[in-house]
Amino acid sequence: MNVDEFTEIRPQTLMQAYRLADRQAREAGTDDEKIRAYSKVINFCDGRMLCRLDKSIKKNTLLFWAYNNVADAYIRKREYEAALNYLGKALKFARSTKEKKRVAEQIASLQPENIPDNAGSFIMVLENALNVISRGRLPVVDKCRNVLEVCKRLDGLYELKGDDANRQRIAELSAKTTSLMKKAQKKV
């Protein structure tokens with residue numbers, strides 16, 4: 001089944017749309033076909049008022065998977081700016097600590113030098129990831145490691161932008177996080 005068959009089979013629910021897209025993506029030969037398949041799920045929800053207003057865990061989970069799968073395909077294609085955009089949206093739909101951690105790690109793994117033209121968007125998503133990690137229910141040492149990795153990325157971006165005030169803020173956060181991690185490691 002190709003991606004165009006999605007329009008021939010009219011899903012009535014978001015779950016049906018996701019199942020169809022997932023089947024098409026598994027059969028797809030290219031990342032572009034996978035992107036098109038999972039984008040249909042996102043568009044399905046965008047095109048229906050009831051879906052957009054739905055606050056259910058099921059809707060959030062399906063959209064998290066769709067956004068994350070599109071982001072993964074863009075990462076494989078080395079289109080980091082597009083991947084960043086979809087990871088930022090996936091982060092909004094992430095429900096569990098595990099999902100939030102996975103997205104934050106993916107965001108942190110993107111190399112800032114690959115997307116210098118859109119450093120502002122990258123900074124915004126990293127700052128959001130920093131907040132998500134800080135609120136997550138991870139062991140303290142793991143949380144500290146994740147915060148330090150994101151801080152390292154942010155410092156590099158703020159350096160590129162010449163933003164000394166934010167570099168100072170990130171340096172202070174890194175110092176506090178390092179101190180907290182050392183204390184937590186001593187207790188273990």
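Hi everyone, this short talk walks through the aromatic rings in this structure. What we have is a predicted model, where local features need pLDDT of at least 70, side-chain atom pairs count only at pLDDT 80 or more, and totals for chains, interfaces and linings use all residues. Residues are numbered from 1 along each chain as its sequence is written, and side-chain values use heavy atoms, with hydrogens and water left out.

How many aromatic pairs does the structure hold? There are five. Rings of Phe, Tyr and Trp (its six-membered ring) pair if their centres lie within 6.5 Å; planes under 30 degrees apart are stacked, over 60 edge-to-face, and the rest tilted.

Let's begin with Y18 and Y38, a tilted pair with 5.8 Å between centres and 40 degrees between planes. Y18 belongs to helix 2 (residues 14-27) and Y38 to helix 3 (residues 31-46), 20 residues apart. Helices here are DSSP runs (H or I, at least four residues), numbered from the N terminus.

Are these two buried or exposed? Y18 is buried at 9% relative accessible area, and Y38 is buried at 7%. Buried means under 20%, exposed over 50%, and partly exposed in between, using a 1.4 Å probe and protein chains only.

Y18 also pairs with W65, again tilted, at 5.6 Å and 50 degrees. W65 sits in helix 5 (residues 57-76), so this pair ties together parts 47 residues apart in sequence. W65 is partly exposed, at 38%.

Elsewhere, ring pairs join Y67, Y74, Y86 and F93 into a cluster. The charged end of K89 sits over the ring of Y86, 5.7 Å from its centre; that label needs NZ of Lys or CZ of Arg within 6 Å of the ring centre and within 35 degrees of the ring normal.

How values were computed: Helices (H or I, at least four residues) and strands (E, at least two) are DSSP runs, numbered from the N terminus.
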